[in-house]
Amino acid sequence: MNTFFIETWGCQMNIHDSERLEGQLRAHGMQAAKSAAGADLVLLNTCSVREKPVHKILSRIGELALLPNKPMVGICGCVAQQEGEALLKRSRTVRFVLGPGQIGRVREAVRAVEQGKRVQITGFDAEEDYNFKTIFRKSSTRGMITVIEGCNEYCTFCVVPYTRGRELSRPINDVLSEARTLAGLGVREIELLGQTINAYICPESDASFATLLGRVAEVPGIQRVRFVTSHPRHFGDDLVQAIANTPKISRYLHLPFQSGSNEILKRMNRKYTREEYLALIQRIRDAAPEIHLSTDVIVGFPGESENDFRQTLDIIESIRFGQVFAFAFSPRPNTPARMYAEQVSEDEKKSRLHRLFDISNAISLELNRELVGSTIPVLIDGESRRTSEDWQGRGEDNRVVNFPKSSRERLGDIVDVLITRAGHHSLYGESVDSPSSPQHLPAL
Ligand code: SF4
């Protein structure tokens, strides 16, 4: 096999896992194809958090089987861990199944396929060789680093503890070494990744996530550090203070609350109350008032009454999140909530989602409009998706900003941009002369 193509579903962890898969396939001597139709091997890096992933994957496998080039298919990610051997049995096109805990063994899977075998490599027991030097990174300005894998929380709606296993933190020195390597390549912004990132504890020194965050921010050349995803119950004062006192830590924070009702939070096994969540937000805002917040919400969890749902809306209206990632509850395999009584009808879930988005979109627009007329530093990380005549970048609070290119800036610069227009999901402006802009990348 000479060429590969990777299709990725799901979260940042999966996007980064695809970078790890790609790097290893290149190290194996394979080259990236432009599409599945030109590849010998297609990897489907799957997500099983929502909707009907297995159906989608099976239908995609069917489409791939009809391609004239008849690519071999490897299933990776959470559906691979969840379904395992069943995927090999469902389709001859599938040559291997590789769980998210076994990403480091993709070359072993490819070698087996080259010898005519079909293999399943799942589970979490491998001594993983985490070789960050083989990661093939898509962005030259922003770099993702996994600091903790898995999750111990067992929220009753979520498959992650079953598909990604128990929490496993990487040693702080490994993470710092990866951050220094990225800085040396010209990366300006680091995004630290983990399902419950603030549960991080260094297995060698017991250093906390707040310590890790501060140390990464000190790496020379790194201008910004972001992190996803935090769990409210692990958000200690040391982390609040680290954010408040370290300007390089992003002014953006993603902090899921899932439901505004204590009864539903209890059924979800979230282990905090709405009062505790609201008090945490107050502590964060007291320490760092400029923080821009986003959150995750599940609508229509079993037993959610109109009153429970209104309590969710109440939190959205009172906190005023910049972005709300809301999803209708869907029963996932192996999870307790799948068997709960009082499932909410699909029509009701849809109607509640609409009501929620009407409110949250209006708030996003209001918050973005508040920035019109102000000048903010923007890290350029690519071309605008709409036109090659504009740059796209992000402000310190992670909001997307587009502005016209000029001959003065380059990819990776941080430039001051005067915001002139605001939409629901992005801002538009023009770069302005200022002593701090542009800051060019060092030559490689
Ligand atoms: S904290 Fe809950 S929702 Fe998040 S990954 Fe763990 S089990 Fe899933």
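## Strand S5 and its neighbours

Within this predicted model, valine 97 has glutamine 120 of strand S6 as its bridge partner. The pairing of S5 with S6 (residues 119–121) is parallel and comprises three bridges. S5 also pairs in the parallel sense with strand S4 (residues 72–77), here over four bridges. In that context, valine 73 lies opposite valine 94 of S5.

| Strand pair | Sense | Bridges |
|---|---|---|
| S4 and S5 | parallel | four bridges |
| S5 and S6 | parallel | three bridges |

Strand S5 (residues 94–98) is largely enclosed by the rest of the structure, because five of its five residues are buried.

## Domains and their contact

The protein chain is divided into domain 1 (3–121), domain 2 (132–369) and domain 3 (375–431). Taken over C-alpha atoms, the centres of domain 2 and domain 3 are 25 Å apart. Their contact involves 19 residues of domain 2 and 14 residues of domain 3.

On the side of domain 2 that touches domain 3, the elements giving two or more residues are strand S11 (224–228) and helix H13 (346–369). H13 supplies the largest share of that side, namely five residues. Which classes of residue make up the side of domain 2 that touches domain 3? This side has 10 polar, seven charged and two nonpolar residues.

Methods
Residues are numbered from 1 along each chain as its sequence is written. This is a predicted model: local features need pLDDT of at least 70, side-chain atom pairs count only at pLDDT 80 or more; totals for chains, interfaces and linings use all residues. Domain bounds come from an automatic or database domain assignment. Two residues are in contact if their C-beta atoms, placed from the backbone, lie within 7 Å. Ala, Val, Leu, Ile, Met, Phe, Trp, Tyr, Cys and Pro count as nonpolar, Asp, Glu, Lys and Arg as charged, and the others, Gly among them, as polar. A residue is buried if 20 or more other C-beta atoms lie within 10 Å of its own, exposed if 12 or fewer, and partly exposed in between; C-beta atoms are placed from the backbone. Two strands pair if DSSP finds at least two bridges between them.
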